[in-house]
Amino acid sequence: MTELTLFIDGASRGNPGHAGIGIRIEAGGELLTEHCEYIGCTTNNVAEYRALIKGLEIAAQFKANRVIVFSDSELVVRQMNGTYKVKSGGLLPLYQTARMQSRIFDGFQIKHVRREQNREADRLANQGIATKDSADTSKK
């Protein structure tokens with residue numbers, strides 16, 4: 001596997017609130033895999049970083065050489081590209097983990113896209129939150 005394209009998103013219902021992550025991974029425009037997950041109660045920015053980290057973990061399992069990540073989180077993209085400094089103590093360890101993971105690839109890029117261009121990852125992130133909702137309903 002040479003180059004993978006990742007579409008990532010994190011969502012939080014409330015800020016902080018119940019949160020989920022969504023990842024869509026493609027190669028040559030073809031879908032390879034999708035992942036969604038409930039990640040507990042946290043902020044939207046933490047969810048965005050957790051989506052990036054999980055996406056990079058999955059890309060590594062596919063033995064990708066190069067990764068291009070698309071995210072609608074301007075904060076994460078600008079921090080990862082060095083335009084913004086990471087000032088939040090809560091985000092710093094996530095940023096450091098993402099930076100370390102990005103270095104395992106021969107090539108890594110992260111780019112900002114508008115929310116409309118990231119619909120599938122958004123759907124998956126919200127589906128991740130819904131898995132918590134459905135688990136709560138089944139316990140009643």
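Student: Let's start with one residue. Is Q101 buried or exposed?
Tutor: This is a predicted model, so keep that in mind. Q101 is buried in it, because its relative accessible area is 16% and the cut-off for buried is under 20%.

Student: Where does Q101 lie?
Tutor: In helix α3, which covers residues 92-102.

Student: And what does Q101 touch?
Tutor: Leaving out residues up to four places away in sequence, Q101 touches I53, L56 and E57.

Student: Let me step back. How many helices and strands are there?
Tutor: The protein chain has four helices and five strands.

Student: In what order do the elements run?
Tutor: From the N terminus, the order is β-β-β-α-β-α-α-β-α.

Student: What about the radius of gyration?
Tutor: The protein chain has 15 Å. A compact globule of 140 residues would be near 14 Å, so the value agrees. The C-alpha atoms fill a box of roughly 50 × 35 × 25 Å along the principal axes.

Student: How much of the chain is buried?
Tutor: Buried residues make up 45% of the 140. The chain exposes about 7,400 Å², and carbon and sulfur atoms supply 47% of that area.

Student: What share of the contacts links residues 24 or more positions apart?
Tutor: Counting contacts with a separation of 6 or more, the share is 70%.

Student: Switching to charges. How many are positive and how many negative?
Tutor: There are 19 positive and 16 negative charges. Their mean positions are 5 Å apart.

Student: Now the rings. How many aromatic pairs are there?
Tutor: The count comes to one aromatic pair. F7 and F70 form it, and the pair is stacked. The centres are 5.3 Å apart, with 20° between the planes.

Student: Which parts does that pair tie together?
Tutor: F7 lies in strand β1, residues 3-14, and F70 lies in strand β4, residues 66-71. The pair therefore ties together parts that are 63 residues apart in sequence.

Student: Are F7 and F70 buried or exposed?
Tutor: Both F7 and F70 are buried.

Student: Another Phe, then. Where does F105 lie?
Tutor: F105 is in the loop between α3 and β5, and β5 covers 107-112. F105 is buried, with a relative accessible area of 6%.

Student: What is F105 in contact with?
Tutor: Setting aside neighbours within four places in sequence, the list is L56, A59, A60, A64, N65 and V67. Remember that Q101 touches L56 too.

Student: How far is F105 from I129?
Tutor: They are 24 residues apart in sequence and 30 Å apart in space, C-alpha to C-alpha.

Student: Let's do V77. Where is it, and is V77 buried or exposed?
Tutor: V77 lies in helix α2, residues 74-80. V77 counts as buried, at 5% relative accessibility.

Student: Which residues are in contact with V77?
Tutor: Beyond neighbours within four places in sequence, they are S71, I110, K111 and H112.

Student: Tell me about H112. Where does it lie?
Tutor: H112 lies in strand β5. At 39% relative accessibility, H112 counts as partly exposed.

Student: Which residue has a positive phi although it is not a glycine?
Tutor: K63 does, at about 60°. K63 is in the loop between α1 (44-61) and β4. K63 is exposed, with a relative accessible area of 63%.

Student: Last one. Where is Q127?
Tutor: Q127 is in helix α4, residues 119-139. Q127 counts as partly exposed, at 35% relative accessibility. Q127 and E30 are 97 residues apart in sequence, and their C-alpha atoms are 21 Å apart.

Definitions and conventions:
Residues numbered from 1 in each chain as written. Predicted model: local features only at pLDDT ≥ 70, side-chain atom pairs only at ≥ 80, totals over all residues. Heavy atoms only, no water. Helix = DSSP H or I, 4+ residues; strand = E, 2+ residues; numbered from the N terminus. Rg over C-alpha atoms; globule rule 2.2 N^0.38 Å. Buried < 20%, exposed > 50% of the residue type's maximum accessible area, 1.4 Å probe, protein only. Contact = heavy atoms within 4.5 Å. Areas by Shrake-Rupley, 256 points an atom, 1.4 Å probe, with all protein chains shown as cover. Lys, Arg positive; Asp, Glu negative; His and termini not counted. Charge placed at Lys NZ, Arg CZ, Asp CG, Glu CD. Phe/Tyr/Trp six-rings, centres within 6.5 Å; stacked < 30°, edge-to-face > 60°.
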